[in-house]
Amino acid sequence: MSADRAPLQRAIQRGEEEGGNVEFKTKLTRDVHLGEGRMESLVAQLRHRVLSGDGEALYVVGVTDEGGIAGIAPDEFSETMDVLSLLAEEADAHIEDVETWSGGDGSADEEGLVGLVEIREGAMLDTDDEHIVVGTAGHVDHGKSTLVGSLVTGQADDGEGGTRSFLDVQPHEMERGLSADLSYGVYGFDDDGPIRMDNPHRKSDRARVVREADRLVSFVDTVGHEPWLRTTIRGLVGQKLDYGLLTVAADDGPTKTTREHLGILLATDLPTVVAITKVDVVDGERVEAVEREVEGMLRDVGKTPLRVDRHGVATAVEEIGDGVVPILRTSAVSERGLGELDQLFEALPKRSDDTDGRFRMYVDRTYDVKGVGAVASGTIRSGTVETGDELLLGPLPDGSFEPVEVRSIEMHYHRVDEAKAGRIVGIALKGVDEADIHRGMALVPRDADPTPVREFEAEVVVLNHPTSIRDGYEPVVHLETVSEAVVFHPEGGQLLPGDNGNATVEFKFHPYLVEEGQRFVFREGQSKGVGTVTGVERTDPPE
């Protein structure tokens, strides 16, 4: 909910003085305003407002016909948005943006909601037919967020990590200069080159990039600090990533965390680029030494390093994956290497786009948006979702699935009619409260007949463990967006470091939606490993 009421007041004043493209509505209901005759009249009115505003109309909701503040209940506001969206669709327009305020003096939510709705001509389109998602990793202070901040804005860093502020959203992260949760950035390309954000703190600027770009690059920026390794794993395993970007600072070189993050990237079969950052703060000999150290680190895990400055971006695009890891030198301050990264991200192909499969999305974050309701955010794993789709959400703690309906879809604050596999989206859901949605739940079609899984069979590889993994071992498994304590039952009774074997894995507390072929990471203390689901033991949901 917005605090600054100036945009609302300006719209009301314009509507009072000249009308034009501003329309006042108290509320809209399906029963009254979508009825025969009434709907056609309202669609014609909306078209008139859009034409009067040269392609844009402003609807002020929760006010009287004269523009006086009335305020309506959140459920009434939600229904009004549903009706207005249908009217806009009939008028070949779409809702571009919605801002809400509490009624009266703005001090109490129970006074109701007032909203300013921006409607633009043209149907909502899924503009991101070419959309890759890149997960970043690297040690704390190695410049992940700063590098991404400079890429998405085209601005040089001030040497103090200033551009990282375009990604981190928590106040304590800004104060300490450390990321504590996943953050996101986006930029894109058209025929004329990169399309970047002018002011990433504005939702409308991110939406503009999505709207204008022919090709999008979304970044999932993970956490470099050791205590939040669990969050980093969630970012690399729980998103449908196309590529990894590992940063290594030229003044520090590869660290234990660098090697750990590299192991996670490679264990999940993610084609990876290594960016040596901060090359502006050291001399050429030091950069060369760190580059050789990175090459040695890659060869130690069976990968072939490829220097981009020597072989070129085209070769890197052609060779990445299949054991080849491109390396390039960068500086967010001098902007060295940023042009090559632009070329790389513009040319890298979408790796997997399972749009033909059935829709599935694992929930990563949840929000309660005033006037919209519960929003589940995550990366679509397969299929396509559209506004109005009827879905199931779950499993709930008791193993059941809750029927829900898609109210609206946003992608980097840009509303779309539909979204495809690989897109990072927020889906507003009708029929469920935000408090009942949890990370690790899944959204699937209403007729999917999903069943909860309490245990599954897996092929696992133990990457690191001080002794041996025995029956009853209890690590945390990271599978999709699930992070849950499990109990291991290794075949044969134990698994040693470096072993590749089979195990039954049992969730300790809740069932989840698990499918054969899914990959996961498990970790407990310094112990860690990876695995692939080979079979599931389904638990029948309650009647």
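Leaving aside neighbours within four places in sequence, which residues is I427 in contact with? In this predicted model, I427 is in contact with F359, M361, A374, V375, A376, V385, V406, S408 and L443.

Two of those partners turn up again when we look at the nonpolar cores. The largest nonpolar core has 57 residues, and the members that touch the most others are F219, F345, V385, I427 and L443. Another core lies apart from it, with 23 residues, including L246, L270, L298 and I424. As general background, nonpolar side chains in soluble globular proteins tend to be buried together.

Now let's step back to the whole protein. There are 543 residues, and 56% of them count as buried. The chain forms 13 helices and 30 strands. Among contacts with a separation of 6 or more, 70% are between residues 24 or more positions apart.

Four strands make it up, in the order β1-β2-β4-β3, and their pairing is mixed. At the edges are β1 (22-25) and β3 (93-102), each of which pairs on one side only. On average, neighbouring strands of this sheet are turned by 20° against each other, direction ignored. Strands β3 and β4 (residues 113-121) run antiparallel and are joined by 9 bridges.

Helix α1 (residues 6-17) lies across β1, β2 (56-61), β3 and β4. Helix α4 (residues 74-90) touches β2, β3 and β4. The table gathers the angles for these helices, along with one for a pair of helices.

| Helix | Partner | Angle |
|---|---|---|
| α4 (residues 74-90) | β3 | about 160° |
| α3 (residues 38-52) | α4 | about 70° |

How far apart are the axes of α3 and α4? They are 9 Å apart, and the two helices pack at an angle of about 70°. Because angles of 65 to 115 degrees count as roughly perpendicular, α3 is roughly perpendicular to α4. On the α3 side, the contact is made by M39, L42, V43, L46 and R47, while α4 brings L84, L86, L87, A88 and E90. Sorted by class, this contact of α3 with α4 has 8 nonpolar, no polar and 2 charged residues.

Definitions and conventions. Residues numbered from 1 in each chain as written. Predicted model: local features only at pLDDT ≥ 70, side-chain atom pairs only at ≥ 80, totals over all residues. Heavy atoms only, no water. Core = buried A, V, L, I, M, F, W, Y, C linked by side-chain atoms within 4.5 Å. Buried < 20%, exposed > 50% of the residue type's maximum accessible area, 1.4 Å probe, protein only. Contact = heavy atoms within 4.5 Å. Pairing = 2+ DSSP bridges. Axes fitted to C-alpha atoms, helices over the stretch in contact; angles between N-to-C directions. Parallel < 35°, antiparallel > 145°, perpendicular 65-115°, else oblique. Nonpolar A, V, L, I, M, F, W, Y, C, P; charged D, E, K, R; others polar.
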